[in-house]
Amino acid sequence: MKTLTQIPLGTQVLFGKAAKQRRRIERTIFSVFEAWSYQEIIPPIFDYYDVFTKGMGLELEDTLYRFIDREGNILALRPEFTSLVAKSVATRLADHPKPLRLCYCGEVLRYETPRGGRQREFFQIGLENIGGEHIRSDAEVILVAIESLKKLGIKKFQINLGEIGYFAGIVERIDFSREDLLKIKTFIDLKDVVGLKSEMDRLNLSERRRQIILSLVHLTGDSSVIQTGRHLVSNEKSHQALNNLESLYEELKSHKVDESITIDLSEVRGLDYYTGTIFKIYVPGLGFEIGGGGRYDNLLKNFGCDFPAVGFSFSLERLMSLES
Amino acid sequence: MSKEALTFALSKGRIFDEAAALLKKAGIEMTSDVNSRKLVIPDTQGRFRFFIVKPVDVPTYVEYGVADVGIAGRDVLLESNADVHQPLDLRIGLCKMVVASPKATAKQNYKDLSAVRIATKYPRVTTEYFTQRGVPVEIIPLSGSVELAPLLGLSDRIVDLVATGRTLAENGLEVIEPICDISARLVINRASYQIKRQSISELIQLLAAVIPL
């Protein structure tokens, strides 16, 4: 039987040096997480399908490995950890003192073409801070991420810091259908100005809105970007987002980590899920981000328990490829 | 941030001459002839290192960050579905992607067929185009001389690029419908865009200033 020796696309086996390296990176990062009082949580590898679609929004829906159990329930293999952590907190840990500091490490599964150093089964290590104070816990998780990188010996990195509320405030007042918004988001994400312009023509957006959305594409840079962003829009939600971002930046500056921070208001991925701070971590020499995260204040509500939360994860494969 | 040279993927194909001319207009010149056998060519001011690769490979080099930036046809970008930034339409290498068929069958509406058989270099784009219209499609993937396929009875129709339409006409084919306009795009790796922001926005500005109208 050929299936005995053939491997399914997207699976991998680690052994020898690679297995050692993986465990060493995990231990190093966990030692940092522990020092910040994060406790490990080991969630199941599958759960009900709805847990993940309610959790991460529809962006991941197409990539889920689904199956049906003998009672006819639809289950799915985990494509990420956050939904599972949120569910456990809501059902089991809701009355524990806040903030809850939880960390995890393990495989996640997504049915997508293997690329960018990731197979269909790949590994994440990360943490969630649940029920903490807004700016302070955002700053905390970013500081933990930075310390983890330093402990791994990664000296040069860049953290792109944004606030999804800025974009949400802009599009909230425009009557987009779901599909139109998705298209606009995709064009902004690809920085495809040509596609963006023709899509906005089709949607008949006013000149002012066109200008705002086009400017958004390049709103990346040092902390002056926050001011530029302020002059661009007048809605309250976007301004509140910028105030949050500014406070967070000042907080990080007081910890002297601002030299690795870039302000990025053009980040629009994850709009279904994130509600505030979003960030991505880049390292010179690697063409993909090695990790990222953000604030997701609405997620726990889905599980019947209303706590704000913020978290991030690293891609273990990409951390490994940095070392080799 | 870093001021090291940007790596730049270029292809020798359809759009090379126009791309080189555009770069020259923007003040960026390669130090040696691309027809030399060198695969990596620096520019005269030490700002760029050019890789000469196959057209279909440009998005891949850029997506993986081996090249920070590149120039790729929209046809190749659509087909590869590469996850790269594409901030500039360079308005060179202009043509159209079309469905074409032999004159004899051009009048027959393919929607009336139970399935269309299409020869193409663009299986992904073609499949999407027809399935979105509810038409079953059978793809004959070819890597060149696609016009030949209907002549030899390999397919009923083709999906290919058309600039002047001469090659089509010479092979007795005509356009039945356009799929989209094609031109060359500047593409940029996502991480490079962030980490080498300054050099990259300089490049975008230089090129934006010389794009033909």
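Predicted model: local features only at pLDDT ≥ 70, side-chain atom pairs only at ≥ 80, totals over all residues.
A:R22 and A:E26 sit four residues apart in helix α1 of chain A, so about one helical turn separates them.

A:R22 and A:E26 sit four residues apart in helix α1 of chain A, so about one helical turn separates them. Over all chains, the salt bridge count comes to 29.

**Helix α1 against helix α4**

- Helix α1 of chain A covers residues 16–35, and its packing partner here is helix α4 of chain A, residues 134–151.
- The two axes are 9 Å apart and the packing angle is about 140°.
- With angles over 145 degrees counted as roughly antiparallel, α1(A) and α4(A) are therefore oblique to each other.
- As for handedness, α1(A) passes α4(A) in a right-handed crossing.
- On the α1(A) side, the residues that meet α4(A) are A:T28, A:I29, A:S31, A:V32 and A:F33.
- The α4(A) side brings in A:V144, A:E147, A:S148 and A:K151.
- Sorted by type, the residues of this α1(A)–α4(A) contact are four nonpolar, three polar and two charged.

**Where chain A meets chain B**

- Chain A puts 25 residues into the contact, and chain B puts in 21.
- About 1900 Å² is buried between chain A and chain B, with carbon and sulfur atoms giving 49% of that area.
- A:R115, A:L190 and A:K191 supply 28% of the area that chain A buries against chain B, which is more than any other three residues.
- A:R115 also turns up in a salt bridge: its side chain meets that of B:E63, at 2.6 Å from N to O.
- Between chain A and chain B, the salt bridge count is four.

- Most peptide bonds are trans, and most residues other than glycine have a negative phi.
- A:P99 is placed in the loop between α3 (82–93) and β5 (100–109) of chain A.
- A:N204 has a positive phi, near 60°, and is a residue other than glycine.
- You'll find A:N204 in the loop between α7 (193–202) and α8 (207–216) of chain A.

Definitions and conventions. Residues numbered from 1 in each chain as written. Chains lettered and ligands numbered in written order. Heavy atoms only, no water. Axes fitted to C-alpha atoms, helices over the stretch in contact; angles between N-to-C directions. Helix = DSSP H or I, 4+ residues; strand = E, 2+ residues; numbered from the N terminus. Parallel < 35°, antiparallel > 145°, perpendicular 65-115°, else oblique. Left-handed = near helix turned anticlockwise from the far one by under 90°. Contact = heavy atoms within 4.5 Å. Nonpolar A, V, L, I, M, F, W, Y, C, P; charged D, E, K, R; others polar. Buried area = accessible area lost by both parts, 1.4 Å probe.
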